[in-house]
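Please look over the structure below before reading on.

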Amino acid sequence: MPLVARVGLLACLVLPPAAAAQRPTDSLERRFHFAELFTGIDVTALQPASSPDGRLQVPGRALPRVTVGGLHFWGHADFAVTFALGRPARGEGASRSRLGTGIETRARWYLRPMRTDGVSPFLGAGLGATDLEIGDGPRIYRMQPMGQAGLVWRRGGTLVEAGWSTRARPLDRYPRSRSDLAALDVGEHTVFVGVHRLFETTAGLVAPIRSGAWGDRERALREAGRLSGPTLAVGLSSPILTGSTARNRELRPFLAERPRGRPNLDLGIGWHADGPDVQVNLALRRMQFATDAFGFDQRSDRTSLALEAFTFLGDWHGFAPFVGPVVSVERLRLRERDGGTPVTDVARDLVAPGVLVGWDIRPTRSQPWVLRTNLRWFPTLDIPLSDRRHALGQLEFNFIQLVWYPRR
């Protein structure tokens, strides 16, 4: 039996009584200890990569990263996003390489809930990236399914973790020139250690709610019609191409098949209707996917103004998921330059459908601000060209957005 499976089986056998004991039984304690914010740093060790003929060599390296996330379900699970702090370079000239993990999103399940001090084994899954650039070649940014396992030690509000991560084979070839694509073996496994700090943001509501003061406030706002009203939102979104760009693969194989999307500001203005618990929102984003190699530069721009209407699907101790349709007015543009000479400049305007899912961390219905997570999917975006269609269907992942209700 694999080591991870042995650890999981042992934890399941010996830890359930402790797990049950950690879940608060008081309804207010359960609701306002449902989630805790955490942030911190880790260092992950990346394996070296090489081609079979030895002409491509990418040394391994240690990569520092920052994580922001939330511990949910009374310490049983977490959701988090991890950002690499740069891409450390190794080597010189044509052998100079940059290797990183890009942005990772993950969910973990803790076999022993982290409500009190102690060690908690975990299993996790998510999406991780391989971010690689060699010499004058393209920056390849490949998102892949990811699995994790490890241990977290909690001491008060401090978490110390160590673990192992693996993903599907991230890359199998890399361009050495415009006409030469070499096989490349990139490591699938990493190990990491990190330290994070927990911040309790909702437990302070227990006392005013138990005393009735918060209920009086909420009742007054509802009677005045102020629980319904305008909303303002700001956050950072990461766009991810959902399919391969066949045009690059077939006509420009020396460029990235799925160019990396730059993180962008996600601004929203809308209206929330308290009774039906429905939100209407206008979201403005500007996105760019860029790739360049061997003197050739390609930029794909997208400006989107989206009308969203979504309904909340209940409230699980302050965790409020939602879903709804999106209609977006789009401006798409593709620009290519070869050695500084423009070769392509095409734009397209269209109206595109989409889908929005996500959740709010909403301790009460009268909070003046909440934290929101958005995932938008636009499957039909592309630019028709004489040689191929340039595909731009994508996901937009906004892990943390701050939403303000001015009337509250």
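**A residue in strand β5**

D78 is found in strand β5, which covers residues 77-84. The model is predicted. The points below begin with this residue and then turn to other parts of the protein.

**Surroundings of D78**

- D78 counts as buried because its relative accessible area is 1%, and the cut-off for buried is under 20%.
- The side chain of D78 makes a polar contact with the side chain of R106, at 3.1 Å.
- A polar contact also joins the side chain of D78 to the side chain of Y110, at 2.5 Å.
- Leaving out residues up to four places away in sequence, D78 touches F38, G70, L71, H72, R106, A107, R108 and Y110.

**Helix α5**

- Helix α5 spans residues 213-223, and its buried residues are W214, E218 and L221.
- Seen down the axis of α5, these buried residues fall within an arc of 60°, so they line one face of the helix.
- An α-helix has 3.6 residues a turn, so residues three or four places apart point the same way.
- After α5 comes G225, which has a positive phi, near 70°.

**Cavities**

- Rolling a probe the size of a water molecule over the atoms shows where empty space is left.
- How many cavities of 30 Å³ or more does the structure hold? There are 6 cavities of that volume.
- The largest cavity contains about 120 Å³ of space.
- Its lining is made of 14 residues, and those nearest the centre of the largest cavity are L46, T130, V186, G187 and T190.
- Three strands each supply at least two residues of the lining of the largest cavity: β7 (97-100), β9 (118-134) and β14 (189-199).
- By type, the lining of the largest cavity divides into 5 nonpolar, 7 polar and 2 charged residues.

**The protein as a whole**

- The secondary structure comes to 6 helices and 25 strands.
- The protein has 408 residues, and buried residues make up 48% of them.
- Taking contacts between residues at least 6 apart in sequence, 67% join residues at least 24 apart.

Conventions:
Residues are numbered from 1 along each chain as its sequence is written. This is a predicted model: local features need pLDDT of at least 70, side-chain atom pairs count only at pLDDT 80 or more; totals for chains, interfaces and linings use all residues. Side-chain values use heavy atoms; hydrogens and water are left out. On a 1 Å grid over the protein atoms alone, a cavity is a set of points where a 1.4 Å probe fits but cannot get out, and a pocket is an open set with protein on both sides within 12 Å along at least five of seven lines; lining residues have an atom within 4 Å of a point. Grid points are joined across faces, edges and corners, and a volume is the space filled by probe spheres set on the points. Helices (H or I, at least four residues) and strands (E, at least two) are DSSP runs, numbered from the N terminus. Ala, Val, Leu, Ile, Met, Phe, Trp, Tyr, Cys and Pro count as nonpolar, Asp, Glu, Lys and Arg as charged, and the others, Gly among them, as polar. Buried means under 20% relative accessible area, exposed over 50%, partly exposed in between (1.4 Å probe, protein chains only). A polar contact is a pair of N or O atoms within 3.5 Å; within protein, one must be able to donate a hydrogen and the other to accept it, and residues adjacent in sequence count only if both atoms are side-chain atoms. Contact means heavy atoms within 4.5 Å. The arc is that of the directions from the helix axis to the C-beta atoms.
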